[in-house]
Every structure is written in C-alpha cells, then in structure tokens.
Amino acid sequence: MTTSPSAPASTPAPTSLPTLLVLDAEPLPRLGRLTGRARVEHADATTLAERLPHADVLLVWDFTSHAVRDAWPGGGPRPRWVHTASAGVDHLMCPELAASDTVVTNARGVFDLPIAEYVAALVLAMAKDLPTTLRLQSERTWRHRESTRVAGTRACVVGSGPIGRAVVSTLEALGITTALVGRAARPGVHGPEDLDRLLAGADWVVAAAPLTDDTRGMFDARRFALMRPSARFVNVGRGPLVVEDDLVEALTARRIGGAALDVLNHEPLAEDSALWEVPGLIVSPHMSGDTIGWRDELGAQFVELFESWAAGGPLANVVDKERGYVPGH
C-alpha cells in the first residue's frame, strides 16, 4: 500500500467510539478485530442516505453499487473517511464527494498479482488456441493445429499503476517485450503521446487503466484500426474504457485477431447480449482479481487502515479525488 505523507488522518473523538457504516454485500466483512473499538452499523442502497450523516467512516463493501454516488449529495455531515473495497473508485465519486474534505482510500495492492496472472492466462490461452481445443474436445473432434509462441512477441500495457506494473512483470517473465503507458511520461513509462505508435507494433494490448474523463472510450474504432490484424486485446481495467460496438466490429471484420473482456459496460452481461457470440471474444464475469480468500484480504486490509486511522497515523492508499486514482506511480 502507498502512503501519502500529506493525507489527513482525522482521528475520532476520544470520549466515544467512532461509528463505522458498512455498505453491505454478502458475505459481510470480518471486522471482529474492531469489537469494542468502533460502533459498526450497516446500510444498503435504500438506507445509506439517512445513515451517512451519523457515520465517521464509510466502508463501501458493496463495490458494485452506485449508492454512494446517489446518496452523498444532500444535507447534514458526512463521513470523514470513505474506503472502497475495490481498486476503482468511479462507482462512488460524485462532484460533492470530490469537493469535500473527506478522505477516500481504495484496495490498492490486493488485486495486482491475481490480475496479472489472469492476464497471462488469457494471453497463453489465446496464443495456444485453448478455447478451440476445449470446443473440439466437447465435440469429440481430433484436429491438429499450430499455435503461437509468446516469447519474442510485444505487448502494450495501458495503465501504469500497480496492476499495470504487475502485468508487465508477469508478461516479461514469459519472454514478452512490454511497453507500459501511463498518464505522463517518466522513466520506464511512456506517455499518452506514444500510445498510437505502440499499439501499431503490439501483438498484445492490455487495458489496465482507471476510468477517468481521459480514459473513457479510449479504445475505439480508430485505436482498433491501428492494431495489427493478428493483435489480441485484453481489458481488465474498466468496461467503459472500450467502445464495445467498435470492438465487436473490429473482431467481426477480423481487423484484430481476438479479444478478452473481464470488465464490461453493463454488468452482469445480459443473457441476450450479442457479446456472448462474437467470434474471437472471451468474456469472463469480472473475476480476474478474485482468487480464493480475496474477501478476507480486503477485510484485513481495511482493519489495518482503520487501526492506523484510529491511532492518529497516516492513511495509506489515499485517492486523488480529481484524478480518480492513487497518485505517485
């Protein structure tokens, strides 16, 4: 986790227990270590607005909900600290929260390696044509084919946060030459001005960027047209990074070689969505970072942050609310 030296660390009043409000999702977080140290209350989308004014801290355990964004505007005090059990914060940010002095933190650090492993698995699956192998096996069909060697290929990873950096390290371990693109150029990271050039030379394009005004819809028809006909595209960032209709058209016309989406514009994906049957597209249900025990890791991370906050220490993983992510990398 990354500590921001300038992050305010508001401390609760010493004469009473701070109120911790949890935006619930099943299974509930394990907060036993906070027994006797916090008054824990629970809310859902229908009760969050009325309970916000009475909370010192808000834990957004239901990180798929937009309830915070809907409930935050209004009268009365607001929590001094909001923590979301997710890497992205676009689901909770609204102008009123961004303008407030409330500190926002995220789950940075929990998902980096699992997502990097998932990306590597997708790269290998597409290079070795495993989807076809499984399909042919289900059909009891023996059909010999040749596959692609990944060592010596090139990848462009968009998003220079810890997830993007973990993806780079994992792909490089497979012998893939990798370029990392971030918000601004710096040692080891290309700036946005290099993106088009890097896309044109990449065999693998991985989107791992946060969702901001600058990144929304960044992978559109123009960007897909820049890619090689054999290139494969993977999105493990946020669904709205991609103009899905443009991706479908690129795949259908075979302008790119394949794609994998673990995040989509609308989740869960509707049963009648055309995306299920797009040729060359692998769809997974937003699971790239969710390994066995991941919820326990998220709960333990929050408890550690709460203990630091209650002791007057600095908070880690402080989000720049204007940028929409934790700065510094």
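Where does His-286 lie? His-286 sits in the loop between β11 and α10, in what is a predicted model.

**The five-stranded sheet**
- Five strands make up an open sheet with parallel pairing, ordered β2-β1-β3-β4-β5.
- β2 and β5 (103–105) are the edge strands, each with a single partner, so one side of each is left without a neighbour in the sheet.
- From one strand to the next, the twist averages 20°.
- Five bridges join β1 and β2 in the parallel sense, and Val-22 has His-42 as its bridge partner in β2.
- Helix α10 (residues 294–310) lies across β1, β3 (57–60), β4 (81–84) and β5, and runs at about 165° to β4.

**The six-stranded sheet**
- A second open sheet to look at has six strands in the order β7-β6-β8-β9-β10-β11, again paired in parallel.
- Here β7 (177–181) and β11 (281–283) stand at the edges with a single partner strand each, so one side of each has no neighbour in the sheet.
- Neighbouring strands of this sheet are turned against each other by 15° on average, direction ignored.
- Strands β6 (residues 154–158) and β8 (residues 204–207) pair in the parallel sense over four bridges, with Val-158 standing opposite Ala-207 in β8.
- Helix α6 (residues 162–173) lies across β6, β7 and β8, at about 170° to β7.
- Helix α9 (residues 244–252) lies across β9 (232–235), β10 (258–261) and β11, at about 150° to β10.

**The second largest pocket**
- This pocket has a volume of about 380 Å³.
- Its lining counts 19 residues, and those nearest its centre are Asp-129, Pro-131, Thr-132, Gly-280 and Ile-282.
- Two or more lining residues come from each of α4 (112–127), α5 (130–138) and β11.
- β11 gives the most to this lining, with three residues.
- Sorted by class, the lining holds nine nonpolar, six polar and four charged residues.

**Around Asp-24**
- Asp-24 belongs to the loop between β1 (19–23) and β2 (39–43).
- With a relative accessible area of 24%, Asp-24 is partly exposed, because that class covers values between 20% and 50%.
- Leaving aside neighbours within four places in sequence, Asp-24 is in contact with His-42, Ala-43 and Asp-62.
- Asp-24 and Ala-45 are 21 residues apart in sequence, and their C-alpha atoms are 8.8 Å apart in space.

**Backbone details worth checking**
- Most residues other than glycine have a negative phi, and most peptide bonds are trans.
- The peptide bond from Glu-26 to Pro-27 is cis, with omega near -5°, and Pro-27 is placed in the loop between β1 and β2.
- Another cis peptide bond runs from Glu-267 to Pro-268, also with omega near -5°; Pro-268 is in the loop between β10 and β11.
- Asp-129, in the loop between α4 and α5, has a positive phi near 55° and is partly exposed at 26% relative accessibility.
- His-286 is not a glycine, yet its phi is positive at about 50°; His-286 is partly exposed, with a relative accessible area of 33%.

Notes:
Residues numbered from 1 in each chain as written. Predicted model: local features only at pLDDT ≥ 70, side-chain atom pairs only at ≥ 80, totals over all residues. Heavy atoms only, no water. Pairing = 2+ DSSP bridges. Axes fitted to C-alpha atoms, helices over the stretch in contact; angles between N-to-C directions. Contact = heavy atoms within 4.5 Å. 1 Å grid on protein atoms, 1.4 Å probe; cavity = no way out; pocket = protein on both sides within 12 Å on 5 of 7 lines; lining within 4 Å. Points joined across faces, edges and corners; volume = space filled by probe spheres on them. Nonpolar A, V, L, I, M, F, W, Y, C, P; charged D, E, K, R; others polar. Buried < 20%, exposed > 50% of the residue type's maximum accessible area, 1.4 Å probe, protein only.
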